[in-house]
Amino acid sequence: MKQFYKSKNLLRLSFLFIVLFSVISVVNSCKDDDDEDQYKDHIVQFEAKIVNGTGSGTGVFKTVYTQVGTGPNTVFNPTGLTWSTGEQFINSSQSQLNLAANAVLPNADSKLTVNIWVDGEIAKTKTVEGVGEKSVSIAHSFLEL
């Protein structure tokens with residue numbers, strides 16, 4: 001009878017170790033799934049350009065709109081034929097980048113181009129051509145990388 005009692009305790013103790021080992025294994029495997037390593041910083045720059053084309057007249061920006069994540073920024077009536085932000089560090093956790101520009105173009109072959117630069121390379125670009133008020137917009141998602 002004493003032998004049976006010892007084997008029963010040994011069985012309970014073995015079961016306790018198996019359960020404890022299983023819980024520790026599950027907890028350790030969940031630590032590997034942390035999102036901290038998933039996100040990293042990128043150097044981002046927004047740019048908008050007007051090319052006047054042949055003929056007289058100079059293009060004029062009306063608005064330039066940028067958005068990083070959920071933070072919008074609108075610039076009204078920027079001067080010059082090129083508008084750009086400085087290089088800025090943006091974490092990929094922000095996910096979405098948006099750029100839109102609106103300008104009055106003087107000639108039929110005038111162009112309005114917007115670019116989103118990420119880590120020194122153009123990630124997205126788009127151009128519209130024509131005379132009159134033109135708008136162009138692009139979006140870039142870090143989830144696409």
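**View 1. Strands S6 and S9.** Two strands pair if DSSP finds at least two bridges between them. Helices (H or I, at least four residues) and strands (E, at least two) are DSSP runs, numbered from the N terminus. S6 and S9 meet this with 10 bridges, in the antiparallel sense. Within the pair, Leu97 stands opposite His140 of S9. The model is predicted, so local features need pLDDT of at least 70 and side-chain atom pairs count only at pLDDT 80 or more, while totals for chains, interfaces and linings use all residues. Residues are numbered from 1 along each chain as its sequence is written, and side-chain values use heavy atoms, with hydrogens and water left out.

**View 2. The whole protein, for orientation.** The protein holds one helix and nine strands. Along the sequence the pattern reads α-β-β-β-β-β-β-β-β-β. Of its 145 residues, 28% are buried (under 20% relative accessible area; exposed is over 50%, partly exposed in between; 1.4 Å probe, protein chains only). The accessible surface of the protein is about 9,700 Å², and 56% of that surface belongs to carbon and sulfur atoms (Shrake-Rupley method, 1.4 Å probe; for residues, only the protein chains shown count as cover). Take the contacts between residues at least 6 apart in sequence: 63% of them join residues at least 24 apart. Contact here means heavy atoms within 4.5 Å.

**View 3. The open sheet S3-S2-S6-S9.** Four strands make up this open sheet, and their pairing is antiparallel. S3 and S9 stand at the edges; each has a single partner strand, so one side of each lacks a neighbour in the sheet. From one strand to the next, the twist averages 10 degrees (axes are lines fitted to C-alpha atoms, for helices over the stretch in contact; angles run from 0 to 180 degrees between N-to-C directions).

**View 4. The hairpin of S2 and S3.** Six bridges link S2 and S3, in the antiparallel sense. Val64 has Val75 in S3 as its bridge partner. Two residues sit between the strands of this hairpin, and Gly69 takes a positive phi near 65 degrees.

**View 5. The hairpin of S7 and S8.** S7 is joined to S8 (residues 121-129) by eight bridges, and the two strands run antiparallel. Val114 has Lys126 in S8 as its bridge partner. This hairpin has two residues between the strands, with Asp119 at a positive phi near 55 degrees.

**View 6. The largest nonpolar core.** A nonpolar core is a set of buried Ala, Val, Leu, Ile, Met, Phe, Trp, Tyr and Cys residues joined through side-chain atoms within 4.5 Å. The largest core has 22 residues; Val44, Phe46, Phe61, Leu97, Leu99, Leu112 and Ile116 touch the most other members. At least two residues of this core come from each of S1 (41-51), S2 (60-68), S6, S7 (111-118) and S9 (132-141). S6 gives the most, with five residues. Beyond four places in sequence, Ile116 contacts residues including Val44, Phe46, Leu97, Leu99, Ile122 and Ile138.

**View 7. Asn98 in strand S6.** Asn98 belongs to S6, residues 96-105. Asn98 counts as buried because its relative accessible area is 18%. Its side chain makes a polar contact with the side chain of Gln96, at 3.3 Å (a polar contact is a pair of N or O atoms within 3.5 Å; within protein, one must be able to donate a hydrogen and the other to accept it, and residues adjacent in sequence count only if both atoms are side-chain atoms). Leaving out residues up to four places away in sequence, Asn98 touches Phe46, Tyr65, Thr66, Gln67, Ile138 and Ala139.

**View 8. Ser110 between S6 and S7.** Ser110 lies in the loop that links these strands. Its relative accessible area is 0%, so Ser110 is buried. The Ser110 side chain reaches the backbone oxygen of Asn52 at 2.5 Å. Residues up to four places away aside, Ser110 touches Val51, Asn52, Gly53, Leu105, Val128, Glu129 and Gly130.

**View 9. Leu81 between S3 and S4.** Leu81 lies in the loop between S3 (71-76) and S4 (82-84). Leu81 counts as partly exposed because its relative accessibility is 30%. Leu81 and Gly59 are 22 residues apart along the chain, with their C-alpha atoms separated by 7.0 Å. Gly59 is also one of the residues that Leu81 touches, along with Ala48, Lys49, Ile50, Asn52, Thr58 and Phe61, not counting residues up to four places away in sequence.
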